[in-house]
Amino acid sequence: MKLIAPKPFTMEAGKRAVLLLHGFTGNTNDVKRLGKYLADRNYTVHAPLYKGHGGGPDLLIQSQPTEWWDSVIEGYDDLRNRGYEEIAVAGVSLGGIFSLKLGEERPTKAIVTMSAPAMSKSTDSLQNRIVEYAINYKKLSGTYDETVDSHTKIAELMKMPSLNYLQSMINETSEKLNVIETPVHILRGFEDDEYYCESADLIYSSVNSRIKSIKTFINSGHILTLGKERELVFEEIYRFFEGLKWKE
């Protein structure tokens, strides 16, 4: 079965611009419904696809965290080059911590983080995500063979040493959260891993934004933009952006 690779997308609708960032092992489909929701309400949205994401697992493990971050900067610059002066950013999981990193390094109108990692931990869970991604990809493409594609075997083939650097990027971003003064809205799922719930509290207490808030979605897990409460999540983000004072 031939899989259709996801692509970056742009929906131009209004003068207010939002950069949408997906997560690790995810792709732009994770934020496409949110993008359409905002575009339907007169927001221009752009979602970059990180290098190595959206294709086979071999491409993923050959890519580097610095290249994923370059994709974020290129997406931001694309909106700038289109003439948008005020750019908000919203990201899920890795996209959430990248949203904060962008807020530390570039002018941002506002930041929405969803299920963002913000504390030190081992890279075991990240490595396991790659294994799960590889198995799911094989199943979707019709190449999965349960007699040879065991979790252990895939784990041996899909090692990614650069995950240590990715964790250091997360740690460095967290250490500089106090430089952020733009409005921040932090979203988390009650059914998500406790690590991400605690990360949300850390982000809230660390940023120096005068406008900052945190909201928990009781019936949601990690990828809030795809969960059963996604429409509530979309509305929450929209209302947050609407409450800001934008240039007209």
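Mentor: Start with helices α4 and α7, whose crossing is left-handed. This is a predicted model, so every value here is computed from predicted atoms. Two packed helices are described by the angle between their axes and the distance between the axes. For α4 and α7, the axes come within 10 Å and cross at roughly 50°. On the α4 side, the contact is made by Leu-94, Ile-97, Phe-98, Leu-100, Lys-101 and Glu-104. On the α7 side, Leu-166, Met-169, Ile-170, Thr-173 and Ser-174 take part. Sorted by class, this contact has seven nonpolar, two polar and two charged residues.

Now bring in α3. Helix α4 covers residues 94-105, and its axis and that of α3 come within 11 Å, crossing at roughly 60°. α3 and α4 are therefore oblique to each other. The crossing of α3 and α4 is right-handed, while that of α4 and α7 is left-handed. From α3, the contact with α4 takes Pro-65, Trp-68, Trp-69, Val-72, Ile-73 and Tyr-76. From α4, it takes Leu-94, Phe-98, Lys-101, Leu-102 and Glu-105. The classes here are nine nonpolar, no polar and two charged residues. Leu-94, Phe-98 and Lys-101 of α4 are listed in the contact with α3, and these residues are also listed in the contact with α7.

The remaining pair is α3 with α7. Helix α3 spans residues 65-81 and helix α7 spans residues 163-175; they pack at an angle of about 50°, with their axes 9 Å apart. That makes α3 oblique to α7. Pro-65, Thr-66, Trp-68 and Trp-69 of α3 meet Tyr-165, Leu-166 and Met-169 of α7. By class, this contact divides into six nonpolar, one polar and no charged residues.

The structure holds three cavities of 30 Å³ or more. The volume of the largest cavity is about 80 Å³. Among the residues that line the largest cavity are Leu-94, Leu-166, Gln-167 and Ile-170. Other lining residues of the largest cavity include Phe-24, Pro-117, Lys-121, Arg-129, Tyr-195 and Tyr-196. Two or more lining residues come from each of α5 (124-141), α7 and α8 (194-206). The helix that gives the most is α7, with three residues. In all, the lining of the largest cavity divides into eight nonpolar, two polar and two charged residues.

The largest pocket is a separate item. About 560 Å³ of space lies in it. Its lining has 24 residues, and Thr-25, Gly-26, Asn-27, Tyr-133 and Leu-140 lie nearest its centre. The elements that give two or more residues to this lining are α1 (29-39) and α5. The largest share, six residues, comes from α5. By class, the lining of the largest pocket has 10 nonpolar, 11 polar and three charged residues.

Conventions. Residues numbered from 1 in each chain as written. Predicted model: local features only at pLDDT ≥ 70, side-chain atom pairs only at ≥ 80, totals over all residues. Heavy atoms only, no water. Axes fitted to C-alpha atoms, helices over the stretch in contact; angles between N-to-C directions. Helix = DSSP H or I, 4+ residues; strand = E, 2+ residues; numbered from the N terminus. Parallel < 35°, antiparallel > 145°, perpendicular 65-115°, else oblique. Contact = heavy atoms within 4.5 Å. Nonpolar A, V, L, I, M, F, W, Y, C, P; charged D, E, K, R; others polar. 1 Å grid on protein atoms, 1.4 Å probe; cavity = no way out; pocket = protein on both sides within 12 Å on 5 of 7 lines; lining within 4 Å. Points joined across faces, edges and corners; volume = space filled by probe spheres on them. Left-handed = near helix turned anticlockwise from the far one by under 90°.
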